[in-house]
Amino acid sequence: MTDTKSGTEPEAAVPVDPNVVSVTLNGRAIEAQKGELVIAAAQRHGVYIPRFCYHERMSSVGMCRMCICEVDTGRGPQLTPTCMVAVAPNMVIDTESEMTKNVQQGILELLLANHPLDCPVCDKGGECPLQDQAFSHGPGESRYIEEKRHFEKPIPISDLVYLDRERCILCDRCTRFADEVAGDALISFTSRGNETHITTFPDEPFSSYFSGNTVQICPVGALTAKPYRFKARPWDLAQQESTCTTCSVGCRIVIDSSRDEVLRYMGVDSEPVNHGWLCDRGRFNFESTKSADRVLQPLVREHDELHEVSWNEALAAAASIIEEAKAAGGAAGVAVIGGARGTNEDAYAWARLAHEVIGTPNVYSQMGDGLPADLLRLDRATIDETASATTIVLLAPDLKEELPVLYLRLREAAEKKRSRIIEFTPKQTGLTRHAWRSISYEPGSQVAAVNEALADAEIAAQLAKGDVVVVFGRANLAETITASVQALHRLLAAAPGTKLLPAFRRGNSVGALQVGLRPGAGGLDTRGVLQAAADGKIDCLVLVGADPLADFPDTELARRGLAGARRTIAVDTFLTGSSARADVVLPACAFGEKDGTTTNLEGRVSNVVRQVSPAGNTRPDWMIASGLATALGSDLGYANVGEITLDIAINVPGFDHVTSAALAASADGVLSGTPTAIWPVTLLEGTAPERNSYDLRLVISRTLYDQAVGTATSPSLAHLPRGSAVHLHPLDLARVGTADGVEVKVRSARATIVLPVVADASVVRGTAWLPWNNPGPNPGELIDCFAAVNDVRIENL
């Protein structure tokens, strides 16, 4: 309609957002979100309300009362804990009134009544919220002159965490984290009134995989980390953001160092990845970088012993070995395995060296325990998409053991009823009790288990309800991946539009595969390389941060492959079982000693930084590859790591937008695209035979703490692996004629080892579970990596 007086069209009404709530904060009008807590809305608009118990990733409990402010909801100003009240229309909030200030001063005076004034010796001093708020909101002096209460201290509540009960202000952060986030309610309040304090249950330590997070979120110095106690002051620390590469989740961290030594890692709240949480292995394995066992100088074997030499001599020796191998059997007589533990730039430089300079197609970054590279061509889900999907299907290993922070994200999705989890597993996992359906299967029968599940009307209806994401990984090292891949494709066909989150384990497996550390035309993967070496067809084997004796599932083949390769070159940070046999050892920089980027399991590229100087005479992997190319008469053309990042953006499909500028502009990293250059992978034929009734089907999987180099060379973690044992379902113990704790012989077609037996109800009947790479007899001796499945027989000694 036209306005008859002005002759103009009236302005269209601006639509009102029903989720916006108008409130007044300290005299100014602001817009908050419906349901948003007052304390969060104020912070979003630049007003910090002091707090101790409130944490944005956990439920509000209003225990410390420090966030009390005057809030008027229409009935007049009332003192209100702002962490417990959501905004309401026309609410008036005053965080600066005299009443608010007096109450906050009183709360602080009460909190400090029994709190020891030991800031000069407290690890939290200098970064302590209680200390900061005592200065900013406190009364300035205390009226209390009475003796403060005293407790025994410090108390080791776990192998990694110490408790000082005198400092505790009962904020409930640690107990809420343990219960709500980690699901390990092993720490709680006890006693009442003035005697209330934090404790663990009798004879049950705080043995959570995530205990270090309680130290980071503690607002006082009540919880301290054993590896960091009395090491430095916050003002002495230099810090940079980086990305943890312990596993493929890619948690964002801060590296703190002092006097050119890494002293701790702290979690960074990255919304799409880790929400600020870290597992204890990723948090505390920094100790390995300063281990006395590091390889610090190039080594060359002479008279059957490794001797220190200069870099020029070592590179010349390595180049000579490669040239001799090419002269003897052509470029295919050289093989390169490994590279998934470095950066994208390291992997790209080594891929170019292998494919372009040496000319070998036998290149692979996985160790026979990974996933087919062509899975990266499928429609990939992000971690956020997975944690918000209507249905999450797990055809994967125990995420709590292998990808712990992904476990936290999926556990939260199930606990908050956002997602339903359907789990297919050969052994109960950390997510089994959170799964809507948990379906056990015997190795080799994955397809049958999936078909049976799809025939269930309730499961079929659930898959049709909304978004579906399959988390797919290697649940069992004692079988080929063929049956699992077939089951995956059956699921994808049954639920069109389903996305995949590939559960690769090693930190940069995805990045290494995408930038080129994969077989060329007619090339061999790691299993093929080791078999060819065992058959005498590999003249030079190059190990790039790889230890086949510890990582390859078939130990017998790994041993024969290393023995059959005429010469071996190793690039590593430590002398492992495999690198100690090498003819040339080239010492590499460890994490925190080099710059670059890494790619996590969802394809997110983020930076890793050099925080301390490289130890000894070590070099970054990309620089070693460049030096070796020069010794071979070629030039990769790189003067610094930034040039490789640019080269990747130019030449690698899916990385065209992953530039240094883009990474600098995004704290959470940049998602790479689909790697279209990866070729389809041919799987082994894999039909599992019927199991003999006297045998048990073998299941071998990894645990968080094992004998991995980073764990074994970190003193705080080295004693945490559980040890090797054979776990049987209690009902199978009587059937095989043994008892819990008794040592038995475990016999396969390949070998026999002696292990203690453990009654374990989480093990599927008819199977035997062993942890991989733990102290004790090596279960890899039992595995034939070419067999679809492996069966064992339990015999008494």
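Author: The largest cavity has a volume of about 220 Å³, in a model that is predicted.

Reader: Why is this called a cavity, and what does its volume stand for?

Author: A cavity is, on a 1 Å grid over the protein atoms alone, a set of points where a 1.4 Å probe fits but cannot get out, and lining residues have an atom within 4 Å of a point. Grid points are joined across faces, edges and corners, and the volume is the space filled by probe spheres set on the points. By this rule there are 10 cavities of 30 Å³ or more.

Reader: Which residues line the largest cavity, and which elements give two or more of them?

Author: Its lining has 20 residues, with V215, A225, Y228, R264 and M266 nearest the centre. Two or more residues come from each of α5 (212–217), β10 (223–225), β13 (261–267) and α6 (280–284), where helices (H or I, at least four residues) and strands (E, at least two) are DSSP runs numbered from the N terminus. The most is given by β13, with four residues.

Reader: How is the lining of the largest cavity divided by class?

Author: Ala, Val, Leu, Ile, Met, Phe, Trp, Tyr, Cys and Pro count as nonpolar, Asp, Glu, Lys and Arg as charged, and the others, Gly among them, as polar. On that basis the lining has 11 nonpolar, four polar and five charged residues.

Reader: What can be said of the second largest cavity?

Author: The second largest cavity holds about 140 Å³ of space, and of its 16 lining residues D369, G370, R474, A503 and R505 are the closest to its centre. Its lining divides into six nonpolar, four polar and six charged residues.

Reader: What makes α8 and α20 roughly perpendicular?

Author: Axes are lines fitted to C-alpha atoms, for helices over the stretch in contact, with angles from 0 to 180 degrees between N-to-C directions. Helix α8 (residues 344–358) and helix α20 (residues 641–651) pack at about 70°, their axes 9 Å apart. Angles of 65 to 115 degrees count as roughly perpendicular (under 35 is roughly parallel, over 145 roughly antiparallel, and the rest oblique), and α8 and α20 are therefore given that label.

Reader: Which residues of α8 and α20 meet?

Author: With contact taken as heavy atoms within 4.5 Å, N344, E345, Y348 and R352 in α8 meet V641, I644, T645, D647, I648 and N651 in α20.

Reader: On what basis are residues numbered and included?

Author: Residues are numbered from 1 along each chain as its sequence is written. Local features need pLDDT of at least 70 and side-chain atom pairs count only at pLDDT 80 or more, while totals for chains, interfaces and linings use all residues, and side-chain values use heavy atoms, with hydrogens and water left out.

Definitions and conventions:
1 Å grid on protein atoms, 1.4 Å probe; cavity = no way out; pocket = protein on both sides within 12 Å on 5 of 7 lines; lining within 4 Å.
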